[in-house]
Every structure is written in C-alpha cells, then in structure tokens.
Amino acid sequence: MKVRELMTPVVHTLQPHATLHEAARAHWEHDCGLVPIVDDASGVLGVITDRDVCMAAYIQGRPLQEITVDEIMSTDLITCGPDDDARDALRCMAEGQVHRLVVLDDRDRLHGVLSINDVALGSAKGKVDATRVVDALSKITAPRPQAAAAR
C-alpha cells in the first residue's frame with residue numbers, strides 16, 4: 001500500500017507570519033491536528049500542531065494574536081513521499097514518535113499529510129495490517145526519553 005492511497009491530499013496551510021489565533025482557527029475549522037507552514041512556492045518551512053498552539057499560549061502568557069507561527073513551529077520535520085510504502089511511513093512515525101508525516105513530492109513541495117488515523121482507517125478497510133498500526137501507535141505514544149527522565 002502506497003502513502004498516496006491513505007494520505008489526506010487537501011491540506012490547509014499557513015504562512016510563517018500568521019498568528020496563533022489564525023492557526024487555532026485553522027485547526028478548528030478544518031478539523032486537523034497539524035497545519036504545515038509553507039512559503040510562497042509551497043515549500044514546507046515547518047509545522048504547527050494544535051498542541052503547539054495550546055502550549056505556546058500557556059507558556060508565553062501572551063494573546064494568540066501577538067504570537068506568530070514562525071516563533072513556535074517545528075522545523076525538524078519527518079517526511080515521506082506519496083509513493084513510499086505505508087509500512088515505511090509507519091516505521092518513521094514510530095521512530096520519530098509523531099502522529100503525522102508531511103508528504104512531499106519529488107520537488108520537496110507539499111503533497112499532503114499522512115496521519116496515524118489515516119493508516120488506522122486503511123487498516124479498518126483491510127488495506128494495512130492492523131498489528132503494524134497498533135505496534136506503531138504503542139511506540140508513538142510511549143514516554144519520550146526526556147519526558148521519562150523528568151519524572
């Protein structure tokens with residue numbers, strides 16, 4: 001099974017100067033947990049999750065309209081391609097402990113997003129081995145080394 005068969009191809013994006021207020025609205029209105037931050041040529045500069053918005057609001061104590069996404073976006077991306085095997089994408093999610101991968105085309109432009117939910121839905125339709133999904137999810141949700149050390 002190829003990533004393109006499971007991914008979400010139509011993805012809402014923001015530019016780096018957008019505010020966290022706009023990001024929160026995008027998450028809510030488009031029912032998504034991750035919004036890619038792109039340049040004018042659809043090159044992905046980073047991503048922002050709904051959790052990033054919440055944590056930034058709490059930690060910074062500033063109104064969402066005063067914080068831009070480029071201040072808090074993640075730039076250390078884990079990506080895949082549309083023709084990659086879904087098993088390889090699951091392995092990347094598990095190793096990186098991420099719920100979503102940005103899907104880039106051969107010119108490193110945004111092509112879509114693959115989430116663990118997309119893969120689980122594929123599993124429910126018999127397109128992906130459910131055991132692999134459960135294994136990946138258990139690794140994704142395991143405590144991260146730095147979080148475990150802080151306890």
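Tutor: Ground rules: residues count from 1 along each chain as its sequence is written. The model is predicted, so local features need pLDDT of at least 70 and side-chain atom pairs pLDDT 80 or more, while totals for chains, interfaces and linings use all residues, and side-chain values use heavy atoms, without hydrogens or water.

Student: Why is threonine 19 called buried?

Tutor: Buried means under 20% relative accessible area, exposed over 50%, and partly exposed in between, with a 1.4 Å probe and protein chains only. Threonine 19 has 16% relative accessibility, so it counts as buried. Its place is in the segment before α1 (20-29); helices (H or I, at least four residues) and strands (E, at least two) are DSSP runs numbered from the N terminus.

Student: What does threonine 19 touch?

Tutor: Contact means heavy atoms within 4.5 Å. Leaving out residues up to four places away in sequence, threonine 19 touches Leu64, Gln65, Ile67, Thr68 and Val69.

Student: What makes a set of residues a nonpolar core?

Tutor: The members are buried Ala, Val, Leu, Ile, Met, Phe, Trp, Tyr and Cys residues, joined through side-chain atoms within 4.5 Å. The largest one here has 18 residues, and Val3, Leu90, Met93, Leu114, Ile116 and Val119 have the most contacts inside it. α4 (86-96) gives the largest share, five residues. Methionine 93 touches Leu114, Ile116 and Val119, among others. A second, separate core has 14 residues, including Leu14, Val35, Ile37 and Ile72.

Student: What makes a space a pocket and not a cavity?

Tutor: Both are sets of points on a 1 Å grid over the protein atoms alone: in a cavity a 1.4 Å probe fits but cannot get out, whereas a pocket is an open set with protein on both sides within 12 Å along at least five of seven lines. Lining residues have an atom within 4 Å of a point. Points are joined across faces, edges and corners, and volume is the space filled by probe spheres set on them. On that basis the largest pocket holds about 540 Å³. Of its 18 lining residues, Thr49, Ser74, Gln97, Val98 and Arg144 are the closest to its centre.

Student: How does its lining divide by class?

Tutor: Into seven nonpolar, five polar and six charged residues. Asp, Glu, Lys and Arg count as charged; Ala, Val, Leu, Ile, Met, Phe, Trp, Tyr, Cys and Pro as nonpolar; the others, Gly among them, as polar.

Student: Which element gives the most to the lining of the second largest pocket?

Tutor: α5 (116-124), with three residues. That pocket holds about 350 Å³.
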